[in-house]
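Colleague: I would like to learn how to read a structural model feature by feature. Could you take me through one?

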Amino acid sequence: MNPLTSYLSQLRRSTIGMVGWGIIASFVVIALIAPIISPYNPYATSNAYLQHPSLLHLFGTNQEGQDLFSQNMYGTRIPLLVGSTAALVAVLMGLIIGLFSGYFGGILDEILMRVTDFFLVVPAIVLMIVISALIGGTLTNVILIIGGLSWPMTARVVRSMVLSIKEWPFVEVAKSSNGGSIYIMFKHILPNVMPVVFANAALSVANAIFTQSALVFIGVGDVTDLSWGNIMHFAYINGTITAGIWWYMIPPGIFIVLLTVGFIFLSTSFESIFNPRTRRV
Amino acid sequence: MKMIEAKNVKKYFPLKKSILSRNDRYLKALDGISLEIEKGVIHSLVGETGSGKTTFGRIVMALTPPTSGTVKVDGIDLFSLKKNEMKLIRKRIQIIFQDPYSSLNPKLKIRASITEPLKLNHVKFDEKMVTDVVESVGLKPASDYLDRFPGEMSGGQRQRAAIARAFAISPELIIADEPVSMVDVSIRADFLNLLRETNKRENLTVLLITHDLFVASYISDKISVLYLGKIVEEGSKEDIIERPLHPYTQALLDSIPILGMGEREVKIKGEIPNPIDLPSGCRFHPRCPFSEDKCRQIEPEYREIKRGHFVACHLY
């Protein structure tokens, strides 16, 4: 059966998968219709400082009198954008490095895996802070930095799968029919690695969303871009937690966790559906 | 004309050095194999697990180089070829593996698997050719099977597809590595007949690698018996099946279960020894019911006892 239709038919029976997709879909919709559902311009200041949540301001207002509900709705966009593009960068890098490393082996494998080990061991967030301080924390840079430092897990997983798949007889058959290395890697090995890559990609998105929020929270990157991490950053530097202004910090925090959990659920569903051993019939 | 000419082929796999011993240790998968296969002949290589028969097949496919020795396919030395020449020779050889579950890519439709050798070798083909070859191996009607994934077919159907893939490019040589050992007994004869018919019709040469002397005797013209990386006996099918000389061949024959047959005549003890620490002298002596002192010390010569019938045993 076609992998996609097989996934869809299995998905209906996977509660976790449905919940994951549901959460992600809701946030994507919110990001798209943010201008429609936001009652105020998120940047517009007013005299209504630090208002409690009310029917006028669902999530209250901040120290500038900006409507936090509108800010949170607009703030959905950056985490989704950064999460998906950074994960794409990470997964592509991990995939290519894992494929080449596992397939060719030898010295290439040795070099690539030592580099991978290095990035696995170095605390990524510290490196990210340093690099964005050096090259500047524009949105594109943040995406590249997060993506460029999150590929090692994918590379490791892909490599280990390639090591086993390349010994399968169908690979030998292709070789003996004059299939070149690149052909075999992309035609025969890649399709068999993809299910795991999907599961890893979903995890990478969760990771990237979390990392982006964390970076903005501590003030790395462009703090004028509206995002959940950004809202939390201003909540923190204005001392709202100690002042008891709970409505400032809590909604973006919950959203970050929810979206992250959504992608983790998605990853779990990929894994359980594509791996027959964990699939429940 | 000879399709395969292997001379003194050895394949040693180095083992990890231990800290204590200085000697390099090797697993001797093939320890000097010479084999000639005429064109248009079905030649079986029979041996137990660990005898090196699959390694030999991989060497003839040029999937792995031998440690020493030469292999010629149709007079061309396989391991001194340039890339382009290798491509030309590989176009003429196809392989059929034992396990139809792993020899077809689970993510490719049957059509893609079967046409792969054609595409990779830039052979022009049309829909009719594909249909014909698929139906010739018994997958009828072809349209029912071509767009399936291997996971949607039974083991027997998959093996048919694997055979269709090997036939599609009309090879001159097929290396069949245990092609029927994972197929239901009821359709084994079917597969073997398929090989036999193609062999007759297209003068196809087949190197059949099997552990089952019964399968070998069903379609082979010639049989070589392999034991621990060496050929111990070789001859025509009749020589091997009706007049086996080597005690190992006799034991293999006697181990074929036949209805109504009672006690076996030649019994061998134990399992095949490991090919790292080979026995001294004749490598079969620890399991041989007829072994003498001589067998323990001197390795028997491989000699022609009768025209075309070779054996390596001190008894003759």
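Modeller: Let us go through it in turn, from one chain to the contact between chains and then to the other chain.

Modeller: This is a predicted model, in which local features need pLDDT of at least 70 and side-chain atom pairs count only at pLDDT 80 or more, while totals for chains, interfaces and linings use all residues. Residues are numbered from 1 along each chain as its sequence is written, and chains are lettered from A and ligands numbered from 1 in the order in which they are written.

Colleague: How many helices and strands are there in chain A?

Modeller: Helices (H or I, at least four residues) and strands (E, at least two) are DSSP runs, numbered from the N terminus. Chain A has 13 helices and zero strands. Its C-alpha trace spans about 75 × 45 × 30 Å along the principal axes.

Colleague: What share of the residues in chain A is buried?

Modeller: A residue is buried if 20 or more other C-beta atoms lie within 10 Å of its own, exposed if 12 or fewer, and partly exposed in between, with C-beta atoms placed from the backbone. In chain A, buried residues make up 43% of the 281 residues. Take H57(A), in the loop between α3 (34-37) and α4 (68-74) of chain A. H57(A) counts as buried because it has 22 C-beta neighbours inside 10 Å.

Colleague: Which residues does H57(A) touch, leaving out those up to four places away in sequence?

Modeller: Two residues are in contact if their C-beta atoms, placed from the backbone, lie within 7 Å. On that basis H57(A) touches Q51(A), D67(A), L68(A) and F69(A), not counting residues up to four places away in sequence. For chain A as a whole, of the contacts between residues at least 6 apart in sequence, 72% join residues at least 24 apart.

Colleague: How do I read a pair of packed helices?

Modeller: Two packed helices are described by the angle between their axes and the distance between the axes. Here axes are lines fitted to C-alpha atoms, for helices over the stretch in contact, and angles run from 0 to 180 degrees between N-to-C directions. The axes of α11(A) and helix α13 (residues 246-274) of chain A come within 8 Å and cross at roughly 170°. That makes α11(A) roughly antiparallel to α13(A), a label for angles over 145 degrees, with those under 35 counting as roughly parallel, 65 to 115 as roughly perpendicular and the rest as oblique.

Colleague: Which residues make the contact of α11(A) with α13(A)?

Modeller: Among them are F198(A), A202(A) and I209(A) of α11(A), and L259(A), F263(A) and F270(A) of α13(A). The residues of this contact divide into 16 nonpolar, three polar and one charged. For these classes, Ala, Val, Leu, Ile, Met, Phe, Trp, Tyr, Cys and Pro count as nonpolar, Asp, Glu, Lys and Arg as charged, and the others, Gly among them, as polar.

Colleague: How many residues of chain A are in contact with chain B?

Modeller: 15 residues of chain A are in contact with 20 residues of chain B. On the chain A side, α10 (169-176) and α11 (181-217) each supply at least two residues, and α10(A) gives the most, with seven residues. By class, that side has seven nonpolar, six polar and two charged residues.

Colleague: Now chain B. In what order do the strands of its eight-stranded sheet lie?

Modeller: Strands of a sheet pair through backbone hydrogen bonds, either parallel or antiparallel. Two strands count as paired here if DSSP finds at least two bridges between them. In chain B, eight strands form an open sheet in the order β6-β7-β8-β3-β9-β10-β12-β11, with mixed pairing. The edge strands, each pairing on one side only, are β6 (93-96) and β11 (302-306) of chain B. Inside the sheet, four bridges join β3 (residues 42-46) to β9 (residues 222-227) of chain B, and these two strands run parallel. The bridge partner of H43(B) in β9(B) is K222(B).

Colleague: Why is helix α1 of chain B described as largely enclosed?

Modeller: Seven of the eight residues of α1(B) (residues 53-60) are buried, so the helix is largely enclosed by the rest of the structure. Its buried residues include F56(B), I59(B) and V60(B).

Colleague: Where is the cis peptide bond at P141(B)?

Modeller: The cis peptide bond joins K140(B) and P141(B), with omega about -15°. P141(B) is found in the loop between α4 (127-136) and α5 (155-168) of chain B.
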